[in-house]
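Please read it alongside the sequence and the structure shown here.

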Amino acid sequence: MKKLFLICSFVFYFVSAFSQSFEIKQITSGDFDAKNPVISLQAFSNYPFIYFEKHTDSSSNIGLIEYDLISNSFQEMDELTTGNALRINPYEDFNHGIVFQTNENGNWDIAYKPYDWGNWGPITFLTNSTADEHNLSPFYVSEQYYPLDNYILFQRSDTIIVLEYTDSTEAEYPVFVNSSQ
C-alpha cells in the first residue's frame, strides 16, 4: 500500500509540476476552409509567414498570414492567388517565393509566385505539359552559406523528377523511371 501511495504521489507531482498550459488561437475566420498550413522557412525571424490553402466552393487559393512573435498576434490574411482553379500543396522556397500545384490549365501543373523585398510577382508555370504533374515535394540541397537554386520533386506519369529552378532558368532531371529495366 505504501508503494502504491508513493507511486501515485510521484506521478501526481510530475503531472502537476511539469504540466504546461497553452493557448489555442483561431487565426482564420470567414466562410472558407483553411487546409495544409506551411510555416515559413524563415521561422526564426520576427514575422514568419504561414501559407495555407483557402478552400471556397469548388476552388482553392493560396493564403498567407504573418505572425508577429513580439506581440504574439496574427496579421490580416492576404490572398496570394485568386480565381476559380484549384491551387494546392504550397511550400516556400529559399527566396520566400511560393510553389504550388494548380489545375488552371486543365491538368495539374506546378506554378511559382516569386517574392522580392516585400513584393509578390506574377505567377509563372514551372511545368506545363499535357501530363499531370503532382505529388509536389520540396527537395533541399545543402550548399555553403545560402542555397543558390531551388529544387522540387514531383511525379509525371510513372517518373519522379527533380526540377531545379531560379528566377530565370529551369531544368528537369528524371530520378526514378518506371520501366522494364
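1. A salt bridge is a side-chain nitrogen of Lys or Arg within 4 Å of a carboxyl oxygen of Asp or Glu. The model is predicted, so local features need pLDDT of at least 70 and side-chain atom pairs count only at pLDDT 80 or more, while totals for chains, interfaces and linings use all residues. Residues are numbered from 1 along each chain as its sequence is written, and side-chain values use heavy atoms, with hydrogens and water left out.

2. The structure holds 4 salt bridges. Side chains of opposite charge can pair when their charged atoms come close.

3. Glu133, Arg156 and Glu172 are linked in a network of salt bridges. Strands (E, at least two residues) are DSSP runs, numbered from the N terminus. Both Arg156 and Glu133 are buried, where buried means under 20% relative accessible area, exposed over 50%, and partly exposed in between (1.4 Å probe, protein chains only).

4. Arg87 forms a salt bridge with Glu104, and their closest N and O atoms are 3.2 Å apart. Because Arg87 lies in strand β6 (residues 87-92) and Glu104 in the loop between β7 (98-102) and β8 (109-113), the pair ties together parts that are 17 residues apart in sequence. Arg87 is buried, with a relative accessible area of 5%, whereas Glu104 is partly exposed at 37%.

5. Lys54 and Glu79 also meet through their side chains in a salt bridge (2.8 Å, N to O). Here too distant parts of the chain are linked: Lys54 is in strand β2 (residues 49-56) and Glu79 in strand β5 (residues 78-79), 25 residues apart. Lys54 is buried, with a relative accessible area of 14%, and Glu79 is partly exposed, with a value of 38%.

6. Which side chain of opposite charge is nearest to Glu92, which is buried yet has no salt bridge? That side chain is Lys113, 14 Å away; in this count Lys and Arg are positive and Asp and Glu negative, with His and the chain ends not counted. Glu92 is found in strand β6.

Technical notes:
Helix = DSSP H or I, 4+ residues; strand = E, 2+ residues; numbered from the N terminus.
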